[in-house]
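Please look over the complex below before reading my notes. They are numbered, and each takes up one topic.

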Amino acid sequence: MEEPQQTVTNLPRPASASQPPRTQLDGPVGETIFDVRNVSIWYGAFKAVTDVSLAIHENEITAFIGSSGSGKTTVLRSFNRMNDLVPGARVDGEMNYRGQALYGGGVSPTAVRRRIGMVFQKPNPFPKSIYDNVAYGPRINGERNKAKLNEIVERSLRQAALWDEVKNRLNTSGLSLSGGQAQRLCIARTIAVEPDVVLMDEPASALDPIATGKIEDLMRELKSQYTIIIVTHNMQQATRVSDRTAFFSVLTEGDSDTRTGVLVEYGPTEQIFQDPTDPRTQAYVTGRMG
Amino acid sequence: MAADTGQQRKADLREPAGWRRAKNRIATILMVLSFVVVIIPLGFVLVTVVAKGASIISWSFLTSSIPPAVLPANFGGIGPAVLGTIEIVALATVMAVPLGILGAIYLNEYGGNGLLARFIGFLSDVMTGVPSIIMGLFIYSLWVVHFGYSGLAGAFALGCLMLPVVIRSSYEMLRLVPNTLREGAYALGATKARVTMTVVLPAALGGIVSGSLLAVARAAGETAPLIFTILGGLLSANTNPFSGANTALPLQIFSNASQPYTGAQARGWGAALTLIAIAFILMIVARIVTARFSRYSR
C-alpha cells in the first residue's frame, strides 16, 4: 500500500505535460477526437480536477474508472460543456475537440452539445410520448418533415435495440418504460441527432444485470459509428466494453485536507487491468482500494 | 406432523401495548376529529346556499335584468351580474395569468439567485398579503379617478390580486421539474429558451393550470375591490367592459342581502349559488385540464 500522505507537488504525472500519453492499441488508432492538456476544473474555489491530460480516439470506447470524488464525471461533463450549467464552474487548460478549442471564444455550448451527446446516470426521459422523446433532438435542429422524423425515430430506436419493444406504443409516455428501456430510450434520443461523440455517465448503474448487458451490447454496436466515453464504477464493465481506460483517483493534500481528482494512469484497457504501472491503479483494479 | 411443530413458539407480531400504541391512537383520533370539524362548516354553507338558492335558479333568472328590490322572487334575475362577473374575471385572467406564468419562469429559470429575482420574489410574496380592499383603492386612485368606473378597472384590481397567487403557484410547479430533464434537453443542444418552452413548461403545465384556475376562482368571489372599481348598482346589463359602471355576482349578493324585502333576499341566495357553481365548474375544468396535460407524466 502506498503512503496516503502525499502532496500535490510531488504528484507523479502520467506523462510529460506537453505529450499526452498515447499508448498504441493493436491495429490502427483512430483520429484524435479530444486532446486534453493540463486541464484543471474548478467549482468556485473548489478544484475538482487537477492537471488532466489525455487523448480520446475516434470509434473507440474509453472508460473512466476511479473512486467517487475522483473527478471522472466532472471531466466527462466538460467535454460537452455541461459544466457550464453549474454556477461557478471553470475549466483551465487546453481542451481541443477535433482541433478546435472547446472553451475558445465564439464557441457555442449548444453547437458543441449537438455534436457531443450525453446519456445520464439516471434515465431521464421527458414526460412526453416515446416518439416525441426521440424526435426532440431532430426537431430542435429544425426537422419538420413528418416522414423524415418517422424514419429517424425508427432508425434510432432500432439502433438502441428498443424498436421491437415499443413499436406498437410510440404514443405512450416515455415514463411508462422500465428502467432499462428508459435508458435505451435516452440513448435513442441521443443518437437521433447523429452526434459525433456519445458521453455516458454511469449509464447502467441504476439497471439490473440483464438491462446492463443490453446497454453494453449496444455500446459495442454503436462504436463503429460513434466515439464513446463512459464513466463507470463497475470495473468488469470497463474490461468488457472499453478499448482504453483512464484511472482517476482522489488526491488529498496532507496538511490542508484539500481533495482533488487526478488522472493516475491512462492506457489500453488490457494494460491498465493486467499490467498497471502505477501502484494506485494496481491497488484499485485488484480491489484493494483506490 | 403438526404435533412436531407444536413445540415452536409463535412469533408475536401484534403491535406492542403501551405508550407508543396509545400515542398512535390519540393522533389518529385527533386527525379524524379535525377532519370532521373542518367539514361541518363547509357542509353547512353548501347545504344552506343550495336549500335557499336552488329553487329560484332558472335560465331566465340567470339572464333577466335586475328588478327593483321590492318585487317578489319570481320577478327578474341577475343577468347583468352574471355577465359582469364573466367579463371582468375573463379580462383579469387574460392579464394576470400569462404575466404571472412568465414572472414565475423568470424567477425559476432565469433569475437564479440574483438580486433582482429575489427582490421580485419578495415583492410578489408581499403582494399576496395585501388586503383586497387596498387593491381596489389602489386601482381607484390610479385609474378610476381619471377614466371612471368600468369593468376594465375591476379586472385590473382582480388581476392584481391574482398575479402573486399565479406567480407563487407556478413557481412552485416549475421548481418541481427535475433538473435531470433540463440537462437531458441541454445535452441535445437545445437553447435555454427552447428547454424552458418545450421541456420545463410542459412538464409543469398541469400544476400551473390548476394553480391559475384556483386563483381565478378566488378572484371571482372578491367583493371589496369591485366596489371601488365597477361601482355596481345598475339594473340592466353593461356589455361593454371597457367603459361605464358594471356589476358582478359578489356585489349583487351584498346589495340583495342588505335588503329588507324577501324577494331581493331570495335573488341574493340565487346569486350566491350561481357564484359557487361557477367556482365549482372552474375546479372541475382545472381537474380535467390537469389530467390531460399530465397524461405523459406517469
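1. The axes are lines fitted to C-alpha atoms, for helices over the stretch in contact, and the angles run from 0 to 180 degrees between N-to-C directions. Helices (H or I, at least four residues) and strands (E, at least two) are DSSP runs, numbered from the N terminus.

2. This is a predicted model, in which local features need pLDDT of at least 70 and side-chain atom pairs count only at pLDDT 80 or more, while totals for chains, interfaces and linings use all residues. Residues are numbered from 1 along each chain as its sequence is written, and chains are lettered from A and ligands numbered from 1 in the order in which they are written.

3. pLDDT is the predictor's confidence in each residue, from 0 to 100. Chain B has a mean pLDDT of 90, with 97% of its residues at 70 or more. Chain A averages 86, and 88% of its residues score at least 70. For the complex, the predictor gives an ipTM of 0.85 and a pTM of 0.82.

4. Which residues of chain A have pLDDT under 50? These are residues 1–24, for which the model has 39 contacts beyond four places in sequence. Two residues are in contact if their C-beta atoms, placed from the backbone, lie within 7 Å. Where pLDDT is low, the predicted coordinates should not be read in detail.

5. Chain B has 12 helices and zero strands. Its radius of gyration is 26 Å, whereas a compact globule of 298 residues would have one near 19 Å. That radius is taken over C-alpha atoms, and the globule rule is 2.2 Å times the number of residues to the power 0.38. The C-alpha trace of chain B spans about 90 × 55 × 35 Å along its principal axes.

6. Helix 11 (residues 249–257) and helix 12 (residues 262–293) of chain B have axes that come within 8 Å and cross at roughly 155 degrees. Helix 11 and helix 12 of chain B are therefore roughly antiparallel. Their crossing is left-handed; a crossing has this hand if the near helix is turned anticlockwise from the far one by less than a right angle, and is right-handed if clockwise. Among the residues that meet are Leu249(B) and Ile253(B) in helix 11 and Ala271(B) and Leu275(B) in helix 12.

7. Helix 4 (residues 79–110) of chain B packs with helix 9 of chain B at about 140 degrees, their axes 10 Å apart. The two helices are therefore oblique to each other, and the crossing is right-handed. The residues in this contact include Val89(B) and Ile101(B) of helix 4 and Val200(B) and Ile208(B) of helix 9. By class, the contact has 10 nonpolar, four polar and one charged residues. Ala, Val, Leu, Ile, Met, Phe, Trp, Tyr, Cys and Pro count as nonpolar, Asp, Glu, Lys and Arg as charged, and the others, Gly among them, as polar.

8. In chain A, the axes of helix 3 (residues 130–140) and helix 4 (residues 146–159) come within 9 Å and cross at roughly 110 degrees. That makes helix 3 of chain A roughly perpendicular to helix 4 of chain A. The crossing is right-handed. Tyr131(A) and Val134(A) of helix 3 and Leu149(A) and Ile152(A) of helix 4 are among the residues making the contact, which has eight nonpolar, one polar and no charged residues.

9. How many residues of chain B are in contact with chain A? There are 16, and they touch 22 residues of chain A. Helix 8 (179–186) and helix 9 (192–220) of chain B each supply at least two residues of the side of chain B that touches chain A. Helix 8 of chain B gives the largest share, five residues. That side of chain B has eight nonpolar, five polar and three charged residues.

Conventions:
Angles under 35 degrees count as roughly parallel, over 145 as roughly antiparallel, 65 to 115 as roughly perpendicular and the rest as oblique.
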